[in-house]
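Hi,

Here is the structure I promised to pass on. Have a look at it first, and then read my notes below.

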Amino acid sequence: MLKIVGVRFKDAGKIYYFSPGDFDVEQDQGVIVENAQGIEFGKIAIGPRFVDEEDVVLPLKNIIRVATEKDYADVAENAKSCDKAFLLCNQKIKEHDIEMSLIDVDYTFDRNKIIFYFTAEGRVDFRELVRDLASIFRTRIELRQIGVRDEAKLLGGIGPCGRMLCCSTFLGDFEPVSIKMAKDQNLSLNPTKISGLCGRLMCCLKYENDEYELAKREMPDVGVIVKTPEGMEGKVIGINLLQRLLQVRLPEEELVVEYGLDELRPFNPKFKQPEKT
């Protein structure tokens, strides 16, 4: 068993795992660690816990130290520098007449590198821009092109539901979302109804998808002939997946009756039994 902590470097960012070593840390506490970008400041998103070795990618790096007041001051100073860098970079983009939109700027904690996040329709030749930025900031420059979902995550906003965007508040990773999920949930396939601010399918389509898939495996399809508790046979003409309800048309009386799945299961051995959780 290994003792680990989960660290986030951005609000709603991906969680990375480190070894706390001899440090006594707790959730939401600031720490200094080393990652692929260099020395970085992050916050404990998952408090200390023990996990099996196969559940994490080894080797784990140790936390360098618990963040001090000076570290917090340096983070605040870096944030101010990012605001200035954003304005300067935008000015240079206009001077070079480059078709790209600057979205965000991020200094590494040790200020060894500054990252400019941008969007563009296609490939962009920004070599001259990099030279100008390097001469101004005197540090390593990285221009990173991002997609529309990442743009929405960085900028934030209010979704169609009236709440702050999931991606910018708590989602660490984007999970695949398909139009099939909207179909399974009987949602309107109008793109304006099922798309988020980024223009892609809404992330929340994934939240209840597992429950719908489980229900679909248990429920018969529309058009299937089933036996009812009254000893009659009828055709399924509608289903309510979440409530496990079926609308059955009885041919003799041309009557539509609603049954619960559990009511019909004893008379229809072919129905799949519910999965144990």
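In what order do the five strands of the open sheet come? They run β2-β1-β4-β3-β5, and the pairing is antiparallel. Before you go further, please keep in mind that this is a predicted model.

The edges of that sheet belong to β2 and β5 (65-66). Each of them has a single partner strand, so one side of each is left without a neighbour in the sheet. Further in, β3 and β4 (residues 38-51) run antiparallel and are joined by six bridges.

V25 is buried, at a relative accessible area of 5%. Setting aside residues up to four places away in sequence, V25 touches V5, P20, V31, I44, P48 and V66. Take V5 from that list: 20 residues separate V25 and V5 in sequence, and their C-alpha atoms are 8.6 Å apart in space.

Then there are the nonpolar cores. The largest has 17 residues, and F116, L133 and L143 have the most contacts inside it. Two or more residues each come from α1 (69-95), β6 (101-107), β7 (113-119), α2 (127-137) and β8 (140-145), with α1 giving the most, four residues. As for F116, its contacts beyond four places in sequence include A85, C89, L102, L133, F137 and L143. A second, separate core has 14 residues, among them M232, L241, L250 and F271.

Cheers

Conventions:
Residues numbered from 1 in each chain as written. Predicted model: local features only at pLDDT ≥ 70, side-chain atom pairs only at ≥ 80, totals over all residues. Heavy atoms only, no water. Buried < 20%, exposed > 50% of the residue type's maximum accessible area, 1.4 Å probe, protein only. Contact = heavy atoms within 4.5 Å. Core = buried A, V, L, I, M, F, W, Y, C linked by side-chain atoms within 4.5 Å. Pairing = 2+ DSSP bridges.
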